[in-house]
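I opened my notebook to look into a ligand site and a cavity. Come and read along with me.

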Amino acid sequence: MGGLTYIDFLAKFGIGGAHPGGFGLTKYILSKENITNNSWVLDAGCGTGQTAAYIYEQYKAKVFGLDINPIMLEKAATRFKNLNFPIQLIQGSVEQIPFEDHTFDYVLSESVLAFVNKPKALKEFYRVLKKGGRLIANEMTLNSVLNKFEEQEIKNFYNVDSLYLEKDWITLLQDTGFQSINVSSQQVDFLYGNNKQEFNFSPNFEPELFEVLNKHGHMLIKYHNILSHRIFTCTK
Ligand SMILES: C[S@@+](CC[C@H](N)C(=O)[O-])C[C@H]1O[C@@H](n2cnc3c(N)ncnc32)[C@H](O)[C@@H]1O
């Protein structure tokens, strides 16, 4: 696959809602929170900005999008410009967030922690949240332990340094200092209507990216009982 990663595929295909449960699940999760036009919200690892745009549209909150990938950021910027939405985009890493302590009421991580140094990024989320602020994370989670070969296959394909069971996430959230940790594995697309997959293709993307897409599909089928996700909500 010529060194192309799953994230390269997501960026060049411009996949919106690139997380388990998709945009429908995002809307459902957000509807359970008390986001207002006074809320400061960080969409950490915002990708092409579908969720950030929705949060501004729905709540008129003060929304910031952070991502490390320039293609993602360019597509998010175009989206916000076309919609005339005042969402600030910042290029940077969730492992070293370029914001002061106690800045945000909400930090959102939709399939982002899975791809980074988890303890480091969670510490940063905790640091930039205000006291009483909320972390909402929808992240890849194993339903059961894998053998070494299977674990390595998944780590290699998704380019991740570790795979967590639900209990590992909870321990790490607790160790970071988060409280009132709630976990769910909800799938609610059907409740939130028409949420067709969004694409925004880059011109002249590498045809090898179709191989990445195929392999992703293959992994989802092969590990369908094990490779899952959880939604974690918790408070600083
Ligand atoms: C699976 S995508 C999810 C994108 C978006 N949250 C969504 O749900 O559509 C993971 C995102 O995390 C970003 N990312 C990966 N490592 C990152 C890092 N260290 N700091 C910030 N963003 C990162 C990728 O560029 C990508 O946009």
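I began with a working rule: a polar contact is a pair of N or O atoms within 3.5 Å; within protein, one must be able to donate a hydrogen and the other to accept it, and residues adjacent in sequence count only if both atoms are side-chain atoms. This is a predicted model, in which local features need pLDDT of at least 70 and side-chain atom pairs count only at pLDDT 80 or more, while totals for chains, interfaces and linings use all residues. Residues are numbered from 1 along each chain as its sequence is written, and side-chain values use heavy atoms, with hydrogens and water left out.

**Entry: Ser 93.** I found Ser 93 in the loop between β3 (88–91) and β4; strands here are DSSP runs (E, at least two residues), numbered from the N terminus. A polar atom of the Ser 93 side chain lies 3.0 Å from the backbone nitrogen of Glu 95. Setting aside neighbours within four places in sequence, I saw Ser 93 in contact (heavy atoms within 4.5 Å) with Leu 66 and Ile 68.

**Entry: the ligand.** Ser 93 turned up here again: a polar side-chain atom of Ser 93 lies 3.0 Å from a nitrogen atom of the ligand. Val 94 places a backbone N or O atom 2.9 Å from a ligand nitrogen, and Ala 18 has a backbone N or O atom 2.7 Å from a ligand oxygen. The protein buries 95% of the 590 Å² that the ligand exposes when taken alone (Shrake-Rupley method, 1.4 Å probe). I noted 20 residues around the ligand (a heavy atom within 4 Å), of which Ala 18, His 19, Gly 45, Asp 67 and Val 94 come nearest.

**Entry: the cavity.** I then looked up what lines the largest cavity. The lining includes Thr 26, Leu 108, Glu 110 and Asn 138. The elements giving two or more residues to that lining are α2 (22–31), β4 (104–110) and β5 (129–142); a helix is a DSSP run of H or I, at least four residues. A cavity is a set of points on a 1 Å grid over the protein atoms alone where a 1.4 Å probe fits but cannot get out, and lining residues have an atom within 4 Å of a point.

Key
1 Å grid on protein atoms, 1.4 Å probe; cavity = no way out; pocket = protein on both sides within 12 Å on 5 of 7 lines; lining within 4 Å.
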